[in-house]
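Hi everyone, thanks for coming. Let's have a look at the model together and walk through its packing.

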Amino acid sequence: MHVPGTRAKMSSIFAYQSSEVDWCESNFQHSELVAEFYNTFSNVFFLIFGPLMMFLMHPYAQKRTRCFYGVSVLFMLIGLFSMYFHMTLSFLGQLLDEISILWLLASGYSVWLPRCYFPKFVKGNRFYFSCLVIITTIISTFLTFVKPTVNAYALNSIAIHILYIVRTEYKKIRDGDLRHLIAVSVVLWAAALTSWISDRVLCSFWQRIHFYYLHSIWHVLISITFPYGIVTMALVDAKYEMPDKTLKLHYWPRDSWIVGLPYVEIQENDKNC
């Protein structure tokens, strides 16, 4: 909800241009410095879960790929840029937020997409596929400037392909723990997306009942989805790339707790000669 005269004062240094995107939460209601208070500070979970997953998944990253650290840093950058965007409602903040999400998705594809889903012309070569992803992402980065108001919808549409892969792999899996992890990941993502869409298309309804927090709920849910999604990809990837090792699924702080952050422990498959 726009408050006249306030956004002009908080315009970004990026040509002093405000974003065309504004969320349902009322602006500058709790602070003269923060446009959307709850949408801003709900991003703190990105800054908590990112380092925590780097710690929990450190043994995995050492044995499979150190790119995991880069993916986690991108995840934390999303939190920082999203905080900046919702604090200022600036065009620069919007682009930084959306471009960091784009590169996080690209990194995930490059590192964990099973080779059987690669385009045939790269012939199963992950290096060539990663180059293709990088080129596509660079082009897409420039396209974000063309019609900024549709960027978020385009990013969310990538989930259609991800869901196709998840559904295909789910059918192949017999491991009950992994099937449960996938199911929880999809439910969390669906709940997060429902909050995001509701904030966009039903804003007038939420304003009538004075409930402006759906986009901040999206931040919380999607930040929780990241650990579940990243561990799901690691376990699926291990079937193809680490057949000589067993990945044991655990939850922090304890496996016995109903709610926890998933991580994996790598075990060697000992074989007698």
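Helices here are DSSP runs of H or I with at least four residues, and strands are E runs of at least two, numbered from the N terminus.

A quick word on the source: this is a predicted model, where local features need pLDDT of at least 70 and side-chain atom pairs count only at pLDDT 80 or more, while totals for chains, interfaces and linings use all residues. Residues are numbered from 1 along each chain as its sequence is written, and side-chain values use heavy atoms, with hydrogens and water left out.

Now the cores. A nonpolar core is a set of buried Ala, Val, Leu, Ile, Met, Phe, Trp, Tyr and Cys residues joined through side-chain atoms within 4.5 Å. The largest one has 49 residues, and Y60 and V231 have the most contacts inside it. Helix α10 gives the most to this core, with 11 residues. A second, separate core of nine residues includes I165, along with Y117, F129 and V133.

Finally, the histidines. The unreviewed UniProt entry annotates H86, H215 and H219 as "binding site"; such annotations may be inferred rather than shown by experiment. They span 134 residues in sequence, yet no two of their C-alpha atoms are more than 11.5 Å apart, so they gather at one spot. H86 lies in α4 and is buried, at 1% relative accessibility. H86 touches H215 and H219, among others (contact means heavy atoms within 4.5 Å).

Definitions and conventions:
Buried < 20%, exposed > 50% of the residue type's maximum accessible area, 1.4 Å probe, protein only. Lists of a residue's contacts leave out its neighbours within four places in sequence.
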